[in-house]
Amino acid sequence: MKNSTPENKSDAYEERANWPPHTYRDYPDIKPETYQEFMEFLNTENTSGRLMELQPWVSVCDSRCAFCYFPTTASAKVKIEPYLELLKKELEMYAKTKYVKTSVFDEIVLGGGTPSVLSAEQIIDLVDFCKARFNTNDEYFIKVSGSSKTLALPKIDKLAEYGVFQVDMGAQTFDDKLRKMLCLPDSAEEVEKAIRHARKLGLCVCVDLMYNLPGQTMESWVSSLKKAIELDVEIDAYSLHVDPGTPLEKMIETGVSPPQGDTEFEKQMYLAAYKLLTEAGYKAVGHDRYSRVEWHMRENCLNGWPWGGILTTGAGCFMGYLQRFSYSNMENIFEYMEAVKAGKLPIQRLSKSDDDDMMRREMSRLYLRLPVSKKEFMEKFGKLPEDVFSKQLQNLKEKGLIEIDDKEVRITKEGEVWKANIAWEFASESQTQNK
Ligand SMILES: C[S@@+](CC[C@H](N)C(=O)[O-])C[C@H]1O[C@@H](n2cnc3c(N)ncnc32)[C@H](O)[C@@H]1O
Ligand code: SF4
């Protein structure tokens, strides 16, 4: 039988891009005109017919992991109750708009940060608040993200009883030596205990695992993957990006921690995960997910990119997508609270895409392992992908990274490893300059 692992011979690029274009990093700072346009848009009806995701963030953590680039605040520095009141106020502001009143959500996802710093009662109250104000379809899912440290077993019991479908946990690695270096506060055994408990209660558990960590060997990576398979969890596998300003950057600079592996090593780790997980019955879906849960493969918000929608709220949230608008909120939790108190949407960056940008976004479906349908492209833009991106498509096809037939454009097995680089081929010049 032919091995289905992506080819590792292809050296189509010098190094793997860590993220695709069209993330909050590209959005311009909000201007009064775009705020006004966004408010006018929110006063229109949602006629897309697509189901959306509601994503309130609790961007607060008990402790800071050395690698993390998320804009979070230490729980010791902020009072949770006033924050939750203002988070609800922001949610209410959106809920009252025509666009949201005519939208239907099939996911309520508490993200962050670590929403598990809340008590079970606070989590349930927040989800109840969302359920009362936003339309949900018959089959909708509640997900709560958190770390095992703040997910005590009785808390997991209460969430399961309430009807939470999935708990997302940032396990990162089951190697205690690496956990210590990354300032992860709990042991691999404790993470495992929380996961086993949640699985026993029938909860779906999705763990984040990271690869190409400083000092991480291939054996350690494979062993973490095997542990996740044994625990029967979904897996988000992220390659570490050492972000400027993180404690880890300093640790590497000063030699306290070894450097990361090179591009080739990172690629081999990606390929090892792909092989191990697909052989264990997982399917690679979305940007970094390996899934054995059928529902994850047909998630509306993912499959509808870029026309589905995520309504995100809370300090530091950055995954807001509503039709042609993309936004991220103020990162500083106190500035966020002040803005909401003053009755303003606390948006920090807001971008409105024209057709040119939406076509580029449509092509970044390839990054999400989704095909670009020629029929849909034609319906939206009156052109075919090859009319707009003939050079890029030809080049990628020659490299064996994509396939094109009369129905769609899709990535090949060889293209898998390079999917973020592939997405960058369709970026605008200004996006590429800011990369
Ligand atoms: C906001 S965290 C949510 C999980 C939760 N806060 C926790 O840690 O348990 C999302 C995930 O992003 C990933 N992440 C954070 N910083 C990263 C970095 N510098 N490079 C790659 N992935 C990173 C981690 O795997 C982390 O679990
Ligand atoms: S990885 Fe999770 S727990 Fe750690 S600092 Fe980032 S958001 Fe907080």
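Reply: Starting with the ligand: in this predicted model, S6 is the element that gives the most to the shell around ligand 1, contributing three residues.

Me: Which elements give two or more residues to that shell?

Reply: Strand S5 (136–146), strand S6 (166–172) and strand S7 (204–211).

Me: And which residues come nearest to ligand 1?

Reply: Ser-147, Gly-170, Asp-208, Tyr-238 and His-241, out of 19 residues around the ligand.

Me: How do the shell residues divide into nonpolar, polar and charged?

Reply: Nine are polar, eight are nonpolar and two are charged.

Me: OK, switching to domains. What does the assignment give?

Reply: The protein chain has domain 1 at 24–303 and domain 2 at 355–426. Their centres, taken over C-alpha atoms, are separated by 28 Å.

Me: How many residues of each domain are in contact with the other?

Reply: On the domain 1 side there are ten, and they contact six residues of domain 2.

Me: Where on domain 1 do those come from?

Reply: At least two residues each are supplied by helix H10 (263–279), strand S9 (283–285) and helix H12 (300–303). The largest share is from H10, with four residues.

Me: What is the make-up of that side by class?

Reply: The side of domain 1 that touches domain 2 has six nonpolar residues, three polar and one charged.

Note on methods:
Residues numbered from 1 in each chain as written. Chains lettered and ligands numbered in written order. Predicted model: local features only at pLDDT ≥ 70, side-chain atom pairs only at ≥ 80, totals over all residues. Domains from an automatic or database assignment. Contact = placed C-beta atoms within 7 Å. Nonpolar A, V, L, I, M, F, W, Y, C, P; charged D, E, K, R; others polar. Near = placed C-beta within 6 Å.
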